[in-house]
Amino acid sequence: QHSATRAYVTERLPDLVRGGPEELAERTRAALERAVDAAIGKAPVAAVSLSGGIDSGSVAAAACHVRGSRNALSFSAAFPDYPEADESSLVRKVRRQLDLDGSELVVRPAGLLRDALLYQSIWSLPSASPTRFFQLQLQQLAADAGAEVLLDGEGGDELFGLRPYLVADRLARGRAY
């Protein structure tokens with residue numbers, strides 16, 4: 001048998017991190033707002049699944065900026081039995097800062113198995129997401145409130161927390177700085 005190694009991509013991606021901190025922050029904000037506006041489309045209300053993190057908070061801020069806080073809603077989960085995982089105080093701060101209305105779902109461990117089985121019955125697959133067991137309920141709350149689109153911050157860790165990837169990329173190039 002003959003095997004060969006070949007590149008799948010030969011184009012070099014442009015260096016997207018040129019510029020000072022203010023310019024990069026502005027470019028990131030503008031790109032996020034364009035993405036949020038495109039995702040919302042013609043939906044009359046921008047709905048966001050809001051945690052206490054910078055990722056979903058940034059999406060909520062972008063939604064409020066492009067649609068106005070009166071045309072945006074947020075939905076979040078609270079974990080009063082698990083204070084180390086509960087971000088509801090951070091969610092309230094984000095909502096106050098953005099003047100954003102929202103609903104909170106109190107999550108109790110009893111729903112974990114039921115929701116996992118529901119997900120598996122619908123998709124014939126187990127969920128790959130550790131938060132899926134309450135996300136279905138948040139989606140239902142948003143739908144009941146009239147939201148046609150529910151945005152979240154999933155993937156935000158990759159956008160806003162690049163350090164492990166940056167270190168790996170630099171080490172792959174033979175330099176650690």
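Biologist: How many of the seven residues of β2 are buried?

Modeller: Buried means under 20% relative accessible area, with exposed over 50% and partly exposed in between (1.4 Å probe, protein chains only). Six of the seven residues of β2 are buried, so the rest of the structure largely encloses that strand. Bear in mind that this is a predicted model: local features need pLDDT of at least 70, side-chain atom pairs count only at pLDDT 80 or more, and totals for chains, interfaces and linings use all residues. Residues are numbered from 1 along each chain as its sequence is written, and side-chain values use heavy atoms, leaving out hydrogens and water.

Biologist: Which strand do four bridges join to β2?

Modeller: Helices (H or I, at least four residues) and strands (E, at least two) are DSSP runs, numbered from the N terminus. Two strands pair if DSSP finds at least two bridges between them. Here four bridges join β1 (residues 46-49) to β2, and the two run parallel. Val 48 sits opposite Ser 74 in β2.

Biologist: And what joins β2 to β3?

Modeller: Six bridges, with β3 (residues 101-106) also running parallel to β2. Ala 77, for one, has Leu 105 in β3 as its bridge partner.

Biologist: Which aromatic pair does the structure hold?

Modeller: Rings of Phe, Tyr and Trp (its six-membered ring) pair if their centres lie within 6.5 Å; planes under 30 degrees apart are stacked, over 60 edge-to-face, the rest tilted. There's one pair: Phe 79 and Phe 134, edge-to-face at 5.3 Å centre to centre and 75° between the planes. Phe 79 is in the loop between β2 (72-78) and α3 (88-98) and Phe 134 in helix α5 (residues 132-144), so the pair ties together parts 55 residues apart in sequence. Both Phe 79 and Phe 134 are buried.
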